[in-house]
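Welcome! Take a look at it before reading on.

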Amino acid sequence: MFAAERRQLILEMVRANGAVSLRELARVVQTSEVTVRRDVRALEAEGLLDRRHGGAVLPGGFTRESGFPQKSHLATAEKTAIADLAAGLVEEGEAIVVGAGTTTQELARRLARVPGLTVVTNSLLVAQALAHANRVEVVMTGGTLRGSNYALVGSGAEQSLQGLRVSKAFLSGSGLTAERGLSTSNMLSASVDRALVQAAAEVVVLADHTKLGTDTMFQTVPTDLITRLVTDEPPGHDDRAATELQALADQGVQIAVAGAGSPPGGEQAPARRAPLPGPRRGHVALRSGAAGMGEQPAGVERGRVADLRRR
């Protein structure tokens, strides 16, 4: 494929999805990430897109929200690894809230095996994933259906969460920075996510590396309210994503990095050491296993999860 054809295809993918990782672009255009990175730089120089940590976004600083069909095909291996790890944080008999998103949908598929679990959600996709789980009780919020992501939003959804108290909230979003925390591109979705956060004792954010350093319009969870971030390992060349992880850790966020690259449903690949910037403010340890995350089920230990946390 000629360079002009590659760049046109890259541009069309970014325009269709709002944000696309270099890994995904390289897969679609069937070339190396090095070549794709060069193409992205050329398109950025023309003002047609912006480079972001490990990917490309629409120009203008704030990414627009993609619809579910586009999101469901982005970073699928990373989302699978993140969901595998996050499921290990849920214990038998817990009550949790799970927000809308393709990564939280992957998490819900794994939660079907947790006995005695109660899941409160505003996502039709999360509820569908748990519909046939005999040992899981699903409680849906009220609200108005937002068709682009199959989520219930509005005052009805927010009011149904008043007075609720659960152990953990699992949320995704469109972007995550150390400065602003988790954000999304839609005001109604952001408002419901804030209500979900208010109901939980701990907040767990699920975000793949392409969202690190990306800022979108509406803040949902400020950094100081995020207990844990579950993410995938950034590519070795992505120093900016590693810098963002370090900045989040410096603010007290416990960061668990799951190995990616395994086939969906298969044995998770061992997590490699995520590259960290230096020098650092404070000392951050990156270790294998579930240390620092509480007592976890054996599945988490088998996944050899790398836990990056502030000492």
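The points below look at helix packing and strand pairing. Keep in mind that this is a predicted model.

**Two helices in contact**
- Start with helix α2 (residues 22-29) and helix α3 (residues 33-45), which pack at an angle of about 105 degrees, their axes being 9 Å apart.
- Angles of 65 to 115 degrees count as roughly perpendicular, and α2 and α3 are therefore roughly perpendicular to each other.
- On the α2 side, the contact is made by Leu22, Arg23, Leu25, Ala26 and Val29, and on the α3 side by Glu33, Val36, Arg37 and Val40.
- Of the residues in this contact, six are nonpolar, three are charged and none is polar.

**The sheet of β1, β3 and β2**
- Three strands form an open sheet in the order β1-β3-β2, and their pairing is antiparallel.
- β1 (19-21) and β2 (50-52) are the edge strands, each with a single partner, so one side of each has no neighbour in the sheet.
- From one strand to the next, the twist averages 25 degrees.
- Three bridges pair β1 with strand β3 (residues 55-57), and Val20 stands opposite Ala56 in β3.
- Helix α2 turns up again here: it lies across β1 and β3, running at about 75 degrees to β1.

- Strand β10 (residues 175-177) runs antiparallel to strand β11 (residues 181-184), and three bridges join them.
- A hairpin links β10 to β11 through three residues, and Thr177 has Gly181 in β11 as its bridge partner.
- β11 is also joined by three bridges to strand β13 (residues 218-221), again in antiparallel fashion.
- Here Thr184 has Phe218 of β13 as its bridge partner.

How values were computed
Residues numbered from 1 in each chain as written. Predicted model: local features only at pLDDT ≥ 70, side-chain atom pairs only at ≥ 80, totals over all residues. Heavy atoms only, no water. Axes fitted to C-alpha atoms, helices over the stretch in contact; angles between N-to-C directions. Helix = DSSP H or I, 4+ residues; strand = E, 2+ residues; numbered from the N terminus. Parallel < 35°, antiparallel > 145°, perpendicular 65-115°, else oblique. Contact = heavy atoms within 4.5 Å. Nonpolar A, V, L, I, M, F, W, Y, C, P; charged D, E, K, R; others polar. Pairing = 2+ DSSP bridges.
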